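Thanks, everyone. I will go through the aromatic contacts in this one, and then stop.

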Amino acid sequence: MFENMTETQAREQILNMVAQYCNTYHNQNKPFQEGDRIPYASRVYGSEEMCNLVDSALEFWLTSGRYTEEFERKFAEYLDIDYCTLVNSGSSANLNAFMALTSPLLGERAVHRGDEVITVAAGFPTTVAPIIQYGAIPVFVDVTIPQYNIDVTKLEEAYSDKTKAVMIAHTLGNPFDLKAVKEFCDKHELWLIEDNCDALGSKYRMGQEEKFTGTIGDIGTSSFYPPHHMTMGEGGAVYTNNPLLNKCIRSFRDWGRDCVCPSGRDNLCGHRFDRQYGELPLGYDHKYVYSHFGYNLKATDMQAAIGCAQIEKFPEFVKRRRHNFDRLKSALSGTEDALILPEACKDSIPSWFGFLITCKKSIHRNAVVKYIEQHGVQTRMLFAGNLIKHPCFDEMRRTGTGFRVAGSLENTDRIMNESFWVGVYPGMTDEKIDFMAKMIKEAVALQ
């Protein structure tokens, strides 16, 4: 088949066939019919993603390469931030971001074991897991309803002379009060990590300027798992404007090494064999010098190739998420006696990940969820609900060590017992949104 073709011609023919295959067998525009399953999230993609994936596979480089570099550049440009590091998942992004704060290069501001990090229990566990795994102490603060973000009036109560950082997520795309949190961090010289995994594309007004969430704190993180705002299948990113933090992030991602040369490239600095490091002999190969106890958190170039196609479509994804959220909220107007509907944080422009609902006392969440699930509408809890109630905290609860709670977690417990959410992902049509609203109203009416 390829005997009389150049490699470039052969690749072009393969990719043309891949595009035809995708357009024929991966058509995502099937009309909705009642009875069809409506997932809370799903991949939205086309032939561009599949062709990039195959193009990368044909090179068979497999690890990080040219598509990785392209994605990191495009993603940083989109967010208007200086440095972006691609990793293999959003959970790895949070691990990478937190561990960067433990680097000795940060001097007195480095996080040490036993130091405290302010966070919330109403969220996903991998925002908190790196803190505990390292041996620092998470300090849990309650959240507000119906924004579902950290209650900033509790920050000072959570602060101690051991506090070194704040690490919290923008819940389901709704930014937390960045103005108040940033002012608190600046006042006490604390690091701020924005877990932006559920909020990519959200913006926040800082004075007269609108900035993307994830770029206002010291470090931001994103996830590219299939349900998220854009996907690589698996994948994540860590980003910052701080060159020293970027050096730490890159080192922890790449085995802890001191060298910054990308995979497959040597001696970009020109000093590979003429420096002294630690107690190593003079001239020891810099590619094998380690300044941190790191990991291998790199993504593959095939993942990055998908991301390069996704990011071109991403602004439209954000528009559709906002449209779907607004349509669903409008359709649920009149249910406020039974349900608490979500509200955007002041000064924010959310890129909504989901539509979070809290049932009032006369309404039983489990009955509502059961009814709409039986009619094909997929639901989710707000992740852990209250993380410290989970089995992973059993030993810490028993001993009373390893974490601290500032005040009460009254709203966190309420969310655990009374809240759920449905999707607004960009593949949803108006017909699906309207059907979800209809099912939610029917479920409420039955009570």
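**Rings and charges**

I start with a charge and a ring: the charged end of Lys203 sits over the ring of Phe212, 4.9 Å from its centre. Keep in mind that this is a predicted model. There is another such case, with the charged end of Arg109 over the ring of Trp191, at 3.7 Å from the ring centre.

Now the ring pairs. Searching the whole structure gives 19 aromatic pairs. I will show two of them.

Take Phe75 and Tyr239, an edge-to-face pair with 5.6 Å from centre to centre and 70° between the planes. Phe75 is in helix α3, residues 66–79, and Tyr239 is in strand β9, residues 236–240, so this pair ties together parts 164 residues apart in sequence. Are these two residues, Phe75 and Tyr239, buried or exposed? Both Phe75 and Tyr239 are buried.

Next, Phe383 and Trp421. Their ring centres are 6.2 Å apart and the planes are at 70°, so this pair is edge-to-face. Phe383 lies in the loop between α10 (365–374) and α11 (394–399), while Trp421 belongs to strand β14, residues 419–423, so the parts tied together are 38 residues apart in sequence.

As for accessibility in that pair, Phe383 has 27% relative accessibility and counts as partly exposed. Trp421 has a relative accessible area of 1%, under the 20% cut-off, so Trp421 is buried.

Which aromatic cluster do Phe383 and Trp421 belong to? They form one cluster together with Tyr40, Phe124 and Phe353.

Methods: Residues are numbered from 1 along each chain as its sequence is written. This is a predicted model: local features need pLDDT of at least 70, side-chain atom pairs count only at pLDDT 80 or more; totals for chains, interfaces and linings use all residues. Side-chain values use heavy atoms; hydrogens and water are left out. Rings of Phe, Tyr and Trp (its six-membered ring) pair if their centres lie within 6.5 Å; planes under 30 degrees apart count as stacked, over 60 as edge-to-face and the rest as tilted. Helices (H or I, at least four residues) and strands (E, at least two) are DSSP runs, numbered from the N terminus. Buried means under 20% relative accessible area, exposed over 50%, partly exposed in between (1.4 Å probe, protein chains only). A charge sits over a ring if NZ of Lys or CZ of Arg is within 6 Å of the ring centre and within 35 degrees of the ring normal.
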